[in-house]
Amino acid sequence: MSATNEPIEIDLAAVGIQGTTIFVGYQNGANARERAGLDLLDHGAGQVVIRIPPDSLTMTSSFFMGMFERSIGVLGPEGFARRYRFEPRHFDDVIAQGIADVERGLVGAL
Amino acid sequence: MEEEPGPLDPALVGAAYLRRYALRAGIAGDTVPATIVYPRVYSFLEDPDAALDVSAGIVARVLGGAKDLPLDQRACAEAGLCAEALSAALVRKAQEDGVQARRLRPDAGACAEFVDACALANWGEGEPGEAGCVVDLLRTSQYFRSDRGAADATEAVMDRLRYTRGQRLEASFAQRLGGVLGEALDNALTYGDGDCWIASAIRRPPGSRFDEMEIVMFNFGPPLHRTLLGMAEGAPQKPDLETLLARHRDEGRFTPAWTPEELLTRHALQDGVSCVGGRSTRGAGSRTIIGFFDRLHAECAPERPPRMAIVSGRVYVCFDGTYRLRPTTSPTRNRRFDIPFNPEEDFGLPADPRSIRRLRNAFPGTLIALRFALQDAYLQSEEHA
């Protein structure tokens, strides 16, 4: 965390899947989480800006889950929304769905 | 449920690949057809058993030692990309052993143009012409490199679908479509054997004011019910599975048309069900795909409703808008989405046989086929791009 409380920026293209701006797969999301050091950032104080490449075609809910499920669990949905900002807001639907999925906190099926 | 032969190794070539396909599909191969005759309607969306008869014929003839493959398409009046893509995949494998395909093409017309375009694009037969459609067949094993197979394959397909026929997909629709493809391909590569075939086409049906997009993907990994049965002992969702099977068995629900395979396939399609088990965020892939279809259906022009089908082993699941994902009413499902495929919306009952039914033939893996009209809202013209 910088002394000036500047937001920390994470370039999704740099931590995502090398050479593509399509973000798919739970494991790929989990790998991106590790590269971005989100376990540490979840416990920081400042805001984190996730920079989505402007030409990015898609992000699947599985990728979002792999990357942010644990953060939402740690911070709660409101805390997550305060800490993490996504720019530009290409994938708001996927992000909202992902937060809702974690919120449900399901175990088991039928 | 009987034992199933091992996975279909993507590295197998020619007849060896088709032999394994035959074993997994239960194709006896005791009769070698002189000609493979196409049905009048050749599509998994309309007549899956007839489509599987064609693939069984192709495989039986090649395994019988024939060096030519006469495909009689003359009676075919309607062909879907889904069926064309499967036969193209099998013909490609046969060609690896020097087998020559020979087509007796349909009479002139839209079906002939489409079948010609498929043959040209997918197995190099015929001459380029004014087919009026875009069609392609890719195999993900050519893209498969550990972590990026699904991303690369999604990008390759979307590159073909995004800009076509003077228009391109509207950005938010392209995101939705790319998300569904990415999710489906990731599932296929994660839970299959890394070998997934995917084809896409855009064409203008006769008399329609819209182009239609067709997408099909299939793998030759374990069918859905096998994937669930393979769940490890002690997996968090294993007890749910056993309870469900016991309930249908104890209540006498199983019949020749509603077997554990149909039950487990329906179960595999429910939101949150995953062979990985337990985690709150797994098992969202089928919800993404079915939710995408439901929205297409809600937005469609009434004269061209979308269709989707899933074929997995001997189980056929038809999506035509009759049943939709709905928020669960079960307290133990905690705000999940359900689609029991019956009017009672009851997982204790069999599905409506018009939506889930047992096939005469088996598909040795899982196939998803989707067809929908590209209405104006899904497109933007190049001048506005």
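Contact here means heavy atoms within 4.5 Å. On this criterion, the interface of the predicted model draws 36 residues from chain B and 29 residues from chain A. The size of an interface is often given as the accessible area lost when the parts come together. For chain B and chain A this buried area is about 2,900 Å², with 50% of it on carbon and sulfur atoms.

Six residue pairs are in polar contact between chain B and chain A, both residues of each pair being at pLDDT 80 or more. On the side of chain B that touches chain A, the elements giving two or more residues are α5 (149-162), α6 (171-191), α8 (238-250) and α10 (285-299) of chain B. The largest share comes from α6(B), which supplies seven residues. By class, this side of chain B comprises 14 charged, 13 polar and nine nonpolar residues.

Side chains of opposite charge can pair when their charged atoms come close. Between chain B and chain A, the count of such salt bridges is one. The partners are Asp101(A) and Arg287(B), whose side chains meet with an N to O distance of 2.8 Å. Over all chains, the count comes to 32 salt bridges. Among them is the pair formed by Asp346(B) and Arg247(B), in which the closest N and O atoms are 3.9 Å apart. This pair connects distant parts of the chain, given that Asp346(B) lies in the loop between β13 and β14 of chain B while Arg247(B) belongs to helix α8 of chain B, 99 residues apart.

The side chain of Asp116(B) makes a polar contact with that of Arg105(B) at 2.4 Å. When residues up to four places away in sequence are not counted, Asp116(B) touches Arg103(B) and Arg105(B).

Helix geometry was examined in chain A. Helix α4 of chain A (residues 61-83) spans only 20 Å between its end C-alpha atoms, whereas a straight helix of 23 residues would span 33 Å at 1.5 Å a residue. A kink of about 110° is located at Gly76(A) in α4(A), shortly before the proline Pro77(A).

Most residues other than glycine have a negative phi, and most peptide bonds are trans. In chain A, the peptide bond from Glu87(A) to Pro88(A) is cis, with omega near -15°. Pro88(A) is placed in the loop between β5 (84-87) and α5 (92-104) of chain A. In chain B, Phe341(B) has a phi near 60°, a positive value in a residue other than glycine. The position of Phe341(B) is in the loop between β13 (337-338) and β14 (356-374) of chain B, and the loop between β13 and β14 of chain B also holds Asp346(B).

Note on methods
Residues numbered from 1 in each chain as written. Chains lettered and ligands numbered in written order. Predicted model: local features only at pLDDT ≥ 70, side-chain atom pairs only at ≥ 80, totals over all residues. Heavy atoms only, no water. Helix = DSSP H or I, 4+ residues; strand = E, 2+ residues; numbered from the N terminus. Expected span 1.5 Å × (residues − 1). Bend = angle between axes of the 7 residues up to and from the residue. Buried area = accessible area lost by both parts, 1.4 Å probe. Salt bridge = Lys/Arg side-chain N within 4 Å of Asp/Glu carboxyl O. Polar contact = N/O pair within 3.5 Å; in protein donor to acceptor, adjacent residues only side chain to side chain. Nonpolar A, V, L, I, M, F, W, Y, C, P; charged D, E, K, R; others polar.
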